[in-house]
Amino acid sequence: MKIAINGGGPAGLYFALLMKKADRRHDIVVYERNGPDDTFGFGVVFSDETLSNFMGADEATFREIARNFAYWDDIEVRYKDERIRARGHGFAGLGRKKLLNILQARAESLGVRIRYRTDITDMRPFEGADLVVGADGLNSFIRERFKEHFKPAIDMRKTKFVWLGTTKAFGPFTFIFRPNEHGWFYVHAYRYAEGQTTWIVETHEETWRRAGLDKASEEETVAYLERMYAPELEGHRLLTNKSIWRSFPVVTNEKWHHGNMVLLGDAAHTVQFSIGSGTKVAMEDAAALADAFAQHHAVPEALAAYEEARRAEIGRLQSSALISLKWYENALRYNDMDPQQYVFSFMSRTKGVTYENLKLRDNDYVAAVDRWWAGKVRQEQGFDVPVDKPPPPVFTPFRLRDLVLANRIVVSPMCQYSAEDGMPNDWHLVHLGGMAVGGAGLVFTEMTDVSREGRITTGCAGMYKKEHVAAWRRIVDFVHARSKAKIGMQLAHAGQKAATKIPWQGGSDEPLEEGTWPIVAASAIPYLPHGQMPKAMDRADMDKVRDDFVRAARWAEEAGFDIIELHMAHGYLLSSFITPLSNLRRDEYGGTLENRMRFPLEVFDAVREAWPAPKPISVRISATDWVDGEGIDGDQAVGIARMLKAHGADIIDVSAGQTSTRAKPVYGRMFQTPFSEQIRLEAGIPTITVGNITTADQVNTIVAAGRADLCALARPHLADPHLTLEAAAHYGYAEQAWPNQYLTSKSQTMRLAAEKNRQEIELREAAKARPVEELKDAAE
Ligand SMILES: Cc1cc2nc3c(=O)[nH]c(=O)nc-3n(C[C@H](O)[C@H](O)[C@H](O)COP(=O)(O)OP(=O)(O)OC[C@H]3O[C@@H](n4cnc5c(N)ncnc54)[C@H](O)[C@@H]3O)c2cc1C
Ligand SMILES: Cc1cc2nc3c(=O)[nH]c(=O)nc-3n(C[C@H](O)[C@H](O)[C@H](O)COP(=O)(O)O)c2cc1C
């Protein structure tokens with residue numbers, strides 16, 4: 001095969017040598033505009049796992065890499081004046097120039113022709129090639145030339161960074177986060193050879209401008225940073241190599257191949273440096289493409305197989321990198337945190353690194369986090385939590401007004417569509433009772449409607465008839481008598497989504513064909529195009545709805561509920577006022593956010609007045625409409641939370657979406673938690689987070705990192721109402737209350753959990769990639 005490769009970076013060279021190694025008959029040319037030794041950048045990093053993969057792909061290259069890398073295991077974060085270390089983050093660093101020299105030599109020894117100092121400006125050199133590879137980096141010529149096929153998009157991120165080096169050696173991968181008179185700066189420093197360290201400095205755009213770095217030459221940048229980092233550099237200089245300030249471009253392409261052309265590495269996709277190097281990804285692409293050719297001889301099949309094999313992995317990496325770079329973009333938010341929490345937030349910024357994951361790497365580090373957390377709970381909430389043998393964060397108590405919850409797990413409100421004329425029955429008793437027995441700290445009822453016409457469906461539960469009070473009282477009494485859980489009632493009016501079908505009888509939000517009733521909303525807009533047209537509420541309607549909420553709150557108190565939650569999310573009545581997508585009013589209840597919040601706040605105030613002062617009120621909101629560039633977003637949600645806080649809301653239950661049929665939600669693990677974090681830290685109010693939280697490990701991570709105070713789990717509780725009891729067993733938390741009737745299971749469950757933990761650790765150890773130091777020994 002005749003293969004022409006544009007770009008002699010890591011992707012192009014590695015692909016060339018792997019293909020030549022697989023079949024010496026391939027005629028392979030690499031075009032590279034630079035000479036063999038002129039390159040940018042300093043060190044690149046590889047994890048244990050990447051190195052193990054390199055060993056499999058080409059042992060000769062691997063041996064050369066392994067002979068030259070610098071290894072570290074610890075991460076050290078220096079935040080303000082503190083230093084916190086965590087072990088178990090095995091990584092190897094290698095100079096970019098060294099790496100390129102290794103790849104160049106290996107490729108040439110196999111017979112690859114490298115045409116240095118050849119700048120490709122048209123497609124003539126590729127004529128007659130069976131395969132054309134665009135391994136030409138960030139500003140790829142091939143990608144741009146055929147952009148209508150590859151369909152690239154470039155998202156320029158907010159922070160500014162510069163890539164430098166220094167001769168100062170650091171043992172661990174060192175992060176130095178501290179401010180100067182202009183603002184905050186973030187250094188990532190890692191050793192890649194004896195006396196050679198990569199030194200990346202990142203800062204916020206405003207700080208960069210304030211410091212005059214937007215106008216600084218390379219020399220002026222270095223002078224400024226050497227002055228600032230004199231204490232850390234201890235007399236060492238900063239080194240430059242095309243070290244200009246940049247914004248990170250996140251490159252994506254709808255397609256990575258077209259005809260006989262394919263993109264590799266940065267040309268196809270970029271992965272921000274804070275979760276690992278683009279070099280590793282570029283080389284893994286090269287290995288994947290070479291693999292695809294080992295399986296498929298025809299070019300189109302091989303290219304399709306390569307893209308198929310890499311898409312999901314690159315998607316995951318790019319999404320982790322985006323979350324990680326957002327941590328830096330939003331880092332000013334974290335400045336009020338204790339160093340322990342700041343560092344834990346940083347360590348767990350990508351979803352893959354959790355409390356338990358960190359514990360497996362370094363038990364002592366997580367034990368220190370547990371002790372610090374227990375101390376914080378003692379000090380701020382006045383609980384007698386043991387600091388010497390602290391429970392994991394999920395099993396620490398939480399207080400709101402006079403309400404005390406035993407742990408951080410909440411059963412999220414879930415409609416059961418099983419009531420008749422709003423009346424809860426045995427289903428609700430068994431369902432909610434089972435959840436309470438299962439150990440959650442707080443159990444919410446489903447959305448319980450304040451009027452008959454405010455029900456979503458005919459099966460929805462209500463608190464609008466006097467008879468409802470006793471039926472609810474029976475459930476509340478059971479929960480209080482038979483468990484340590486507290487129970488809350490979610491109060492709502494369905495608004496534009498009222499009078500719709502029970503989901504399993506014809507789909508969610510579908511209008512009733514028979515037995516329907518007139519509905520009201522902020523504006524006369526049906527939720528579904530074919531939905532019932534609601535009446536835009538007039539003042540009399542508002543008075544009625546407000547009074548219905550107040551009556552329901554009084555009855556909830558009579559029934560003995562510990563907390564109420566006002567439902568201002570998901571497009572129901574109060575939510576329909578808040579989002580501009582469904583509120584087109586021109587009176588004082590429409591227009592600005594203040595105006596749109598006027599009626600929801602009026603309801604809140606009236607309910608707060610009626611609900612006993614020692615009992616808290618939660619408010620559930622949709623923190624985003626998920627409609628790009630329109631409607632509610634995270635910043636506006638902070639505004640909403642601030643207003644609710646000023647009116648006396650105790651906690652915000654941060655949900656998202658379901659307010660517009662145009663929404664494009666971005667799902668994933670804990671996908672709504674970033675909104676909870678933003679609201680909690682920027683509005684300064686406790687939050688409940690919800691949405692695809694499935695493990696106690698995630699709850700620990702979220703709570704300890706300050707992303708929420710409580711975690712609500714909905715669907716996981718339907719599958720396993722006792723998930724809190726199981727989590728307690730998993731952590732060996734013997735203080736968890738089990739119902740007397742179930743006590744005989746407690747010790748067995750705890751013993752089995754301990755055994756399972758032991759087996760999992762053994763399995764992980766066995767499956768673990770070989771540590772880089774071992775690999776290095778093997779290479780020598
Ligand atoms: C300034 C800077 C510093 C960096 N430093 C580091 C670092 O220290 N560590 C790290 O891990 N990552 C670093 N990166 C990121 C890393 O370089 C990339 O993610 C990685 O190199 C991608 O490999 P690649 O082979 O896809 O592209 P590249 O390494 O960019 O290689 C592309 C090659 O194609 C050549 N080329 C491009 N267009 C043409 C053309 N028209 N004709 C001929 N040749 C052409 C280029 O000269 C280049 O050699 C840095 C990036 C930048 C921009
Ligand atoms: C069966 C079911 C019914 C739900 N009913 C309600 C409800 O009554 N009120 C509400 O605010 N959210 C309701 N939700 C949303 C959940 O409370 C929760 O926000 C959502 O399911 C995401 O959490 P999860 O990923 O843990 O399931 C419901 C979810 C499910 C699965």
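Predicted model: local features only at pLDDT ≥ 70, side-chain atom pairs only at ≥ 80, totals over all residues.
Biologist: OK, ligand 1. Which residues come nearest?
Modeller: There are 32 residues around ligand 1, and E32, G43, R96, D266 and S277 come nearest.

Biologist: Which polar atoms sit by the oxygen and nitrogen atoms of ligand 1?
Modeller: For R96, a side-chain N or O atom is 2.8 Å from an oxygen of ligand 1. On the backbone side, an N or O atom of G43 lies 2.7 Å from a ligand nitrogen, and a polar backbone atom of I120 is 3.0 Å from a nitrogen of ligand 1.

Biologist: How much of the ligand's area does the protein cover?
Modeller: On its own ligand 1 has 980 Å² of accessible area, and the protein covers 91% of that.

Biologist: And which element gives the most to that shell?
Modeller: That's α10, with three residues. At least two residues each come from α1 (10–22), β3 (43–47) and α10 (278–295).

Biologist: Switching to ligand 2. How many residues are around it?
Modeller: 16, with S412, P413, C415, N692 and R715 coming nearest. The shell splits into eight nonpolar, six polar and two charged residues.

Biologist: Which backbone atoms lie by ligand 2?
Modeller: A backbone N or O of P413 is 2.8 Å from a ligand oxygen, and a polar backbone atom of A714 is also 2.8 Å from an oxygen of ligand 2. C415 has a backbone N or O atom 2.8 Å from a nitrogen of the ligand. Alone, ligand 2 exposes 600 Å², of which the protein buries 83%.

Biologist: New topic: which residues touch the most other members in the largest nonpolar core?
Modeller: That core has 133 residues, and F177, Y365, M463, F561, F599, L644 and I679 touch the most other members. Beyond its sequence neighbours up to four places away, Y365 touches I84, R85, A86, Q340, V343, F344, M347 and L358. A second, separate core has 70 residues, including L100, A135, A267 and L317.

Biologist: Is D58 buried or exposed?
Modeller: D58 counts as buried, because its relative accessibility is 1% and the cut-off is under 20%. It's in the loop between α2 (48–57) and α3 (59–68). Setting aside neighbours within four places in sequence, D58 contacts Y14, L17, L18, K21 and R106.

Biologist: And T221, where is that found?
Modeller: T221 is in helix α8 (residues 218–228). T221 is buried too, at 1% relative accessible area, and away from neighbours within four places in sequence it contacts L213, A216 and W245.

Conventions
Residues numbered from 1 in each chain as written. Chains lettered and ligands numbered in written order. Heavy atoms only, no water. Near = heavy atom within 4 Å. Polar contact = N/O pair within 3.5 Å; in protein donor to acceptor, adjacent residues only side chain to side chain. Areas by Shrake-Rupley, 256 points an atom, 1.4 Å probe, with all protein chains shown as cover. Nonpolar A, V, L, I, M, F, W, Y, C, P; charged D, E, K, R; others polar. Core = buried A, V, L, I, M, F, W, Y, C linked by side-chain atoms within 4.5 Å. Buried < 20%, exposed > 50% of the residue type's maximum accessible area, 1.4 Å probe, protein only. Contact = heavy atoms within 4.5 Å. Helix = DSSP H or I, 4+ residues; strand = E, 2+ residues; numbered from the N terminus.
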